[in-house]
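Reader: Hi! Could you walk me through this model? I have it open and would like to chat about how it is put together.

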Amino acid sequence: MSRVPCGKCRFYVAYPFHETLGYCSTRSEFTTCSSTPCSEFKPLSLEDVEDALAKHGFVYCLTCRSSLTNLEEAFEHLSSGHIVNLQVLQGEGIHEEVYAGD
Ligand SMILES: [Zn+2]
């Protein structure tokens, strides 16, 4: 098994107010970014990022703790090995309409 952390999964939802805490939109439970991925793990693809940018207007780099608003920028962060999340937990609600389970 690779050592890719949970945070690199496309289903991982970053929680900007906490360094390692995140939310798994597939299993509907909280997780941490560095934990071992579950069997639902799917690595982020550039297509996913493009899709998320089109739908939400931004993706989130957990490493830099900043929002990325274009594909070029997102690609730079990804290619530097940063953890980029498609979704961010906002307040109480979770925007999971894009990658909601089943
Ligand atoms: Zn970054």
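Author: Happy to! One term to begin with: two strands pair if DSSP finds at least two bridges between them. With that in hand, strand β2 (residues 21-24) is joined to β3 by four bridges, and the two run antiparallel. Bear in mind that this is a predicted model.

Reader: Thanks. Which residue in β3 stands opposite Leu21?

Author: That is Thr32. Further along, Tyr23 stands opposite Phe30 in β3.

Reader: And what is between the strands in the hairpin of β2 and β3?

Author: Four residues, and in this hairpin Ser28 takes a positive phi near 55°.

Reader: How do β1 and β2 pair, parallel or antiparallel?

Author: Antiparallel, over three bridges. Tyr12 stands opposite Cys24 of β2. β1 and β2 form a hairpin too, with six residues between them.

Reader: Let's zoom out. How many helices and strands does the chain have?

Author: There are two helices and seven strands. Along the sequence they follow the pattern β-β-β-α-β-β-α-β-β.

Reader: In what order do the four strands of the open sheet come?

Author: The order is β3-β2-β1-β7, with mixed pairing. The edges are β3 (29-32) and β7 (87-88), each of which pairs on one side only.

Reader: What about the sheet of three strands?

Author: That one is also open, in the order β5-β4-β6, and its pairing is antiparallel. β5 (66-68) and β6 (84-85) each have a single partner strand, so one side of each is left without a neighbour in the sheet. Between β4 and β5 there are three bridges.

Reader: Is Cys61 buried or exposed, and why?

Author: Buried, because 21 other C-beta atoms lie within 10 Å of its own, and the cut-off for buried is 20 or more.

Reader: Which residues is Cys61 in contact with, leaving aside neighbours within four places in sequence?

Author: Those are Ser66, Leu68, His77, His82 and Val84. As for Ile83, which is 22 residues away along the chain, its C-alpha atom is separated from that of Cys61 by 5.9 Å.

Reader: Now the inside. Which residues of the largest nonpolar core touch the most other members?

Author: Tyr12, Ala14, Val49, Val59 and Val84, out of 24 residues in that core. β1 (12-14), β2, α1 (46-56), β4 and α2 (71-79) each supply at least two residues of it. As background, nonpolar side chains tend to be buried together in soluble globular proteins.

Reader: What does Ala14 touch, not counting residues up to four places away in sequence?

Author: Ala14 touches Gly22, Tyr60, Leu62, Asn85, Val88 and Leu89.

Reader: Switching to the helices: how do the axes of α1 and α2 cross?

Author: They come within 10 Å and cross at roughly 140°, which makes α1 oblique to α2. The contact is made by Leu46, Val49, Glu50 and Leu53 of α1 together with Leu71, Ala74 and Phe75 of α2.

Reader: Is the crossing left-handed or right-handed?

Author: The crossing of α1 and α2 is right-handed.

Reader: Last one: what share of the chain counts as buried?

Author: Of its 102 residues, 33%. And among contacts in the chain with a separation of 6 or more, 54% come from residues 24 or more positions apart.

Key
Residues are numbered from 1 along each chain as its sequence is written. This is a predicted model: local features need pLDDT of at least 70, side-chain atom pairs count only at pLDDT 80 or more; totals for chains, interfaces and linings use all residues. A residue is buried if 20 or more other C-beta atoms lie within 10 Å of its own, exposed if 12 or fewer, and partly exposed in between; C-beta atoms are placed from the backbone. Two residues are in contact if their C-beta atoms, placed from the backbone, lie within 7 Å. A nonpolar core is a set of buried Ala, Val, Leu, Ile, Met, Phe, Trp, Tyr and Cys residues joined through C-beta atoms within 7 Å. Axes are lines fitted to C-alpha atoms, for helices over the stretch in contact, and angles run from 0 to 180 degrees between N-to-C directions. Angles under 35 degrees count as roughly parallel, over 145 as roughly antiparallel, 65 to 115 as roughly perpendicular and the rest as oblique. A crossing is left-handed if the near helix is turned anticlockwise from the far one by less than a right angle, and right-handed if clockwise.
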